[in-house]
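Open the model in your viewer and keep the sequence panel beside it. The tour goes from one selection to the next and says what is there each time.

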Amino acid sequence: MSGTIVVSENGQGRYQQDVVAGQHRLLADEPASMGGGDAGPAPFDYLMAGLGACTSMTLRMYAERKELPLRRVSVELAHHKVDIDGVSRDCIERRITLDGELSPEQRQRLLEIANKCPVHRALSQSFVLNCALAG
């Protein structure tokens with residue numbers, strides 16, 4: 001499978017995981033407050049990092065294509081639970097900071113474009129998860 005991510009326990013901590021993404025090696029763990037060793041980002045941290053990176057990259061691509069004076073993009077994310085009609089739902093807050101001599105219209109358009117990044121689109125829709133267990 002193209003683009004496959006392999007995650008496996010590494011035996012070095014209660015919840016520690018080795019994450020292999022192509023040529024990249026990452027580490028995941030739970031924070032101490034959840035019984036882990038805090039040796040790496042937690043799963044939701046990786047999810048938010050993916051959204052933040054995709055948002056920033058999408059804005060950079062758009063700004064370059066439109067030749068906008070965008071100097072720097074920063075995306076801050078936080079995860080928490082919210083109650084909607086008596087059902088607890090996951091909520092990711094995303095704060096985007098745009099540095100550059102941008103007009104109010106350009107800033108507004110960039111914020112609209114942020115919602116078009118592929119990860120934002122995927123998270124905003126219902127996923128189809130194919131769960132298959134091996135051996």
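Start by selecting Q16 and Q12: the side chain of Q16 reaches the backbone oxygen of Q12 at 3.4 Å. That is a polar contact, meaning a pair of N or O atoms within 3.5 Å; within protein, one must be able to donate a hydrogen and the other to accept it, and residues adjacent in sequence count only if both atoms are side-chain atoms.

Before going on, note that this is a predicted model, in which local features need pLDDT of at least 70 and side-chain atom pairs count only at pLDDT 80 or more, while totals for chains, interfaces and linings use all residues. Residues are numbered from 1 along each chain as its sequence is written, and side-chain values use heavy atoms, with hydrogens and water left out.

**Stop 1: around Q16**

Is Q16 buried or exposed? Q16 counts as buried, because its relative accessibility is 10%. Buried means under 20% relative accessible area, exposed means over 50%, and partly exposed lies in between (1.4 Å probe, protein chains only). Q16 sits in the loop between β1 and β2. Strands (E, at least two residues) and helices (H or I, at least four) are DSSP runs, numbered from the N terminus. Now show what surrounds Q16: leaving aside neighbours within four places in sequence, its contacts are S8, E9, N10, L27, A28, D29 and A39. Contact here means heavy atoms within 4.5 Å.

**Stop 2: the sheet of three strands**

Select β1, β2 and β3, which form an open sheet in the order β1-β2-β3 with antiparallel pairing. β1 (5–9) and β3 (24–28) stand at the edges with a single partner strand each, so one side of each has no neighbour in the sheet. Neighbouring strands of this sheet are turned by 20° against each other on average, direction ignored. The axes behind this angle are lines fitted to C-alpha atoms, for helices over the stretch in contact, and angles run from 0 to 180 degrees between N-to-C directions.

Go through the pairs in turn. β1 is joined to β2 (residues 17–21) by 5 bridges, and the two run antiparallel. Two strands pair if DSSP finds at least two bridges between them. E9 has Q17 in β2 as its bridge partner, and V6 stands opposite V20 in β2. β2 and β3 also pair in the antiparallel sense, over 5 bridges, and A21 stands opposite H24 in β3. These two strands form a hairpin with 2 residues between them, and G22 in the turn has a positive phi of about 65°.

Which residues of β2 lie on its covered face? They are Q17, V19 and A21, while D18 and V20 make up the uncovered face. In a regular strand the side chains alternate between the two faces of the sheet.

**Stop 3**

Select β4 (residues 70–84) and β5, joined by 14 bridges and running antiparallel. Their hairpin has 2 residues between the strands, and D85 takes a positive phi near 50°. H80 stands opposite C91 in β5.

C91 is partly exposed, at 22% relative accessibility. The closest cysteine sulfur to that of C91 is in C117, 16 Å away, which is too far for a bond. Next select C54, which is buried, with a relative accessible area of 13%. Its sulfur is 3.3 Å from the closest cysteine sulfur, in C117, and this too is too far for a bond. A disulfide is a pair of cysteine sulfur atoms within 2.5 Å, and the count by this rule is 0.

**Stop 4**

L59 is in helix α1 (residues 43–66) and is buried, with a relative accessible area of 0%. Not counting residues up to four places away in sequence, L59 touches L70, V73, I96, L98, L110, I113 and A114.

Now select helix α2 (residues 104–114), whose buried residues are L110, I113 and A114. They cover an arc of only 105° around the axis, which puts them on the same side of α2. The arc is that of the directions from the helix axis to the C-beta atoms. P104 and E105, on the other side of α2, are exposed. The cover over the buried residues of α2 includes α1, β5 (87–100) and α3 (118–124).

End at L111, also in helix α2. L111 counts as partly exposed, at 35% relative accessibility, and touches I96 and L98, not counting residues up to four places away in sequence.
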